[in-house]
Amino acid sequence: MKWIVGSFLAIAAAMLCFSFCAGRNNKGRAINCIGSTSIQPLAEMLSQEFDRQHPESIVEVQGGGSTAGLQAVAENIAEIGMCSRSLKDDEAGRFRGIPIALDGLAVVVHPDNPVSNLTKAQIRDIFEGRITNWKQVGGADATIWLITREEGSGTREAFVKLVMEAKDKPAAKAGQPASAPADKAGAAQAPTQHPNHRISRKAMTQESNGAVKELVKHNRGAIGYMSLGLVKDELKILAVDGVYPSLDAVTAKKYPLVRPFLYVVKSTPSQGAQAFIDFTLSAEGQHMLVKEGLISVR
Amino acid sequence: MKEATKDKCISLTLLAVAMSAIAGLALITAFIFKEGLPIMGKVGTGSFLLSSDWYPQEGRFGIFPMIIGSVAVTIGAMLIGGTLGLGCAIVLTQFCPPRLVMFLKPSIELLAGIPSVVYGFIGVVILVPAIAKYLGGPGLSVLAASMVLGVMVLPTVTSISVDALRAVPKAYREGSIALGATDWQTTHMVLLKAARSGIVAAIILGMGRAVGETMAVIMVAGNTLNLPRSVLDPVRTLTSNIALEMGYAAGDHRKALFATGVTLFVIIMILNIIALTVSRRRARRVGST
């Protein structure tokens, strides 16, 4: 009996000790990157290469979502937040957004769907639930199943901003350098403004780009939106306002749905974090991002 | 003397350990209510529970469709899991050779050990496309969620029902057989009636599990904010609402998710209290016979 209690206490003490030591060790060196699941795989790739080149530092990448990333930066849990949309006005004051790449937002349908082009107004009507059958936009007679992302997702917010809330003129919001390219691209050719465009309640909500892809792949009537770099070949990507999101069209900003990928920091990042940011923006880092289907900011 | 002090020491230590577990429960409860109640007051409890408008960005929080979603999915799960579970329990206690029971009962209980994400994955890959193909609709639906949950609650319902049926005094069965009733007549006219409260408790505990399940439901229910009109429509449950949006939520939105948690907490508490009362009543009755 005695030795059982004794060994139990000893193990508990050892664990406590260990966790303290581990905590202390990490504190000095690890750079935490938290945020968007759209950027996460890219940041993981960058961090692996960065760690290889700088063995003295550790970059730890976690998902959670754009807004969670910002919150983590605000609470000093993470040094770098990853944000897959432009910062909102109130956020732009508190954080500094560093654009690391531009990403196209692809509107995707099942490969067998005959529709291959929609205008932005049509996409908006579809996602608002006003167009409910594919034949209304020149397709087969089949119900449209909407697939959207959850509230707070950077991809969703970028979609809402670029499609649902698109305005007449280029957005007049100044003082937000990070969002400038997206705003201009998003507002081009937008039809008249409707107040309060919401994504229909009937839209099915999925919590990652991968889940959206999986659903659209298996549902002939589905339409969704996701990061262009992650679509690969399994889904049909629609042209928007007649422009197919090829690399050239996105680079030339002809394709209307483009959003920035940001690193978000509080003010002056630590040396280690700055080194990782510099690496991402370097020719090498940008080259890695371009290979994944993104557009360089350089 | 010395032995007595040692005993006391050990019992005090154990008491402290037990208390820390209860303290954890109390802390969690207090925290959920502290975070969730203010927003319910701000929005108005009535409109929070009965409005269908969930637009967190606009500060509108109504969880009615999710309550309905949870209820619909749970009822479906109990229709499937309850029927199957009770059937299993009857077979295991009445019509099955003991050797087979030794194999079957652990296998059903093994179902409880499979991680819920695995259930969800199987649902997405096999069940959802099958429903879309043969029954129509998007596949992600009340039906898919109910079927997945039905299998998930099977071990809970089965093992508690088995215990309830086994607790029926042997004399009842023997008496019934002696009166000339067949096995099946004995089972449904005598044993099921005698074990009724235990079976009700099993079903209610299964419901608790179904209401609380999250991961598998997120994967197969579709998570729309719309009220479902048929079992083939997708729905969002209370748990999926919390899990889907927690990562991103801030401010009032986050608090509204805690309030969703409060609602869920109250529902599960009510279910558990019913289960406890019912099974206590059984204990009293069995004790008095």
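How many bridges join strand E4 (residues 96-109) of chain A to E11(A)? The answer is 8, and the two strands run antiparallel.

This is a predicted model, in which local features need pLDDT of at least 70 and side-chain atom pairs count only at pLDDT 80 or more, while totals for chains, interfaces and linings use all residues. Residues are numbered from 1 along each chain as its sequence is written, and chains are lettered from A and ligands numbered from 1 in the order in which they are written.

**Chain A and strand E11**

Chain A holds 11 helices and 12 strands; helices (H or I, at least four residues) and strands (E, at least two) are DSSP runs, numbered from the N terminus. Of its 298 residues, 45% are buried, a term for residues with 20 or more other C-beta atoms within 10 Å of their own, the C-beta atoms being placed from the backbone.

Strand E11 (residues 258-265) of chain A is largely enclosed by the rest of the structure, because 8 of its 8 residues are buried. In a regular strand the side chains alternate between the two faces of the sheet. In E11(A), A:Val258, A:Pro260, A:Leu262 and A:Val264 point one way, and A:Arg259, A:Phe261, A:Tyr263 and A:Val265 point the other way.

| Strand | Sense | Bridges to E11(A) |
|---|---|---|
| E3(A), residues 80-83 | antiparallel | 3 bridges |
| E4(A), residues 96-109 | antiparallel | 8 bridges |

A:Met82 stands opposite A:Tyr263 of E11(A), and A:Arg96 has A:Val265 of E11(A) as its bridge partner.

**Chain B and helix H9**

B:Ala210 lies in helix H9 (residues 196-212) of chain B. This residue counts as buried because it has 30 C-beta neighbours inside 10 Å. Leaving aside neighbours within four places in sequence, B:Ala210 is in contact (C-beta atoms, placed from the backbone, within 7 Å) with B:Thr74, B:Ala77, B:Met78, B:Leu149 and B:Val153.

Helix H3 (residues 64-94) of chain B packs against H9(B) at an angle of about 135 degrees, with the axes 9 Å apart. Axes are lines fitted to C-alpha atoms, for helices over the stretch in contact, and angles run from 0 to 180 degrees between N-to-C directions. Among the residues making the contact are B:Thr74, B:Ala77 and B:Met78 of H3(B) and B:Ala210 of H9(B).

How values were computed
Buried ≥ 20, exposed ≤ 12 C-beta atoms within 10 Å, placed from the backbone. Contact = placed C-beta atoms within 7 Å. Pairing = 2+ DSSP bridges.
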